[in-house]
Amino acid sequence: VVTTAVEGVGFVVDGRLLALNSYENRVYQVGMEEGPPLIAKFYRPDRWTTPAILEEHAFALELAAAEVPVVPPLQRAERTLFEHDGFRFALFERRGGHWPELGTEQEREWMGRFIGRIHAIGRRQRFQHRPCRVSGDHRTFRACIVRVHRQRQTYHARTKTVHSIRRDRRSLAAGAALCPASRRSRPCWRQIFLESLAAPLR
């Protein structure tokens, strides 16, 4: 299916096919008869709508035109999204990448300029077909941020509770070594437990 789909766009493949890591889509490196391999990205059905994918492609092309180092989809007959046997896919040049070196002020300034340029281009117009993916009826970006902030607060509160329980268990375990192994050790256990609850969290 992969090689047939790529050849249907107008490329001649040599039969080499390498599956690449991808979180939700299916991505392959496809060998070409002439020139370097291409990257074929097959979108998972029912994950994104066609307008949303095209909107993403248009944004990548805008970034590339502004000399931002991104890999935009290849265009064939003014199209970037293709379909074969019910699967939508796009083709990209193969580009290597690496984590940016941020050890010097010049490198950080260079990265900051690109981030600012990305934001400047993104502010030209809003995405119309890519809603925020959160549970409930939250659809705006601001609502998404509020939702994530509340989830983080809940997470931190639960984390503190877990740490408190672990601290209490450590205190009780330490008390077991200090208290005599007899019936009269029960008040000692109770005292250690109460003191552990009153201790400040670390």
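Select Met-32 and display its neighbours. Leaving out residues up to four places away in sequence, Met-32 touches Val-6, Phe-11, Val-12, Val-13, Asp-14, Arg-16, Pro-37 and Leu-38, where contact means heavy atoms within 4.5 Å. The model is a predicted one, in which local features need pLDDT of at least 70 and side-chain atom pairs count only at pLDDT 80 or more, while totals for chains, interfaces and linings use all residues. Residues are numbered from 1 along each chain as its sequence is written, and side-chain values use heavy atoms, with hydrogens and water left out.

Next, select Val-6, Phe-11, Val-30, Met-32, Phe-89 and Leu-91. These have the most contacts inside the largest nonpolar core, which has 15 residues. A nonpolar core is a set of buried Ala, Val, Leu, Ile, Met, Phe, Trp, Tyr and Cys residues joined through side-chain atoms within 4.5 Å. Buried means under 20% relative accessible area, exposed over 50%, and partly exposed in between (1.4 Å probe, protein chains only). Two or more residues of this core come from each of α1 (2-9), β2 (26-32), β3 (38-42) and β5; helices (H or I, at least four residues) and strands (E, at least two) are DSSP runs, numbered from the N terminus. The largest share, four residues, is from α1. Another core, of nine residues, lies apart from it and includes Ile-39, Tyr-43, Trp-48 and Ala-52.

Now colour the aromatic rings. Four aromatic pairs are found in the whole structure. Rings of Phe, Tyr and Trp (its six-membered ring) pair if their centres lie within 6.5 Å; planes under 30 degrees apart count as stacked, over 60 as edge-to-face and the rest as tilted. Phe-42 and Phe-89 are stacked, because their ring centres are 5.0 Å apart and their planes are at 20 degrees. Phe-42 is in strand β3 and Phe-89 in strand β5, 47 residues apart. Both Phe-42 and Phe-89 are buried.

Move to Trp-110 and Phe-114, an edge-to-face pair at 4.7 Å centre to centre, with 85 degrees between the planes. Both lie in helix α3, four residues apart, about one turn of the helix. Trp-110 is partly exposed at 39% relative accessibility, whereas Phe-114 is buried at 13%.

Finish on helix α2. Its 16 residues (50-65) should span 22 Å at 1.5 Å a residue, and the end C-alpha atoms are 23 Å apart, which agrees; the expected span is 1.5 Å times one less than the number of residues. Among the elements covering the buried residues of α2 are β5 (87-93) and α3 (105-122). Just after α2, select Glu-67, which has a positive phi of about 65 degrees.
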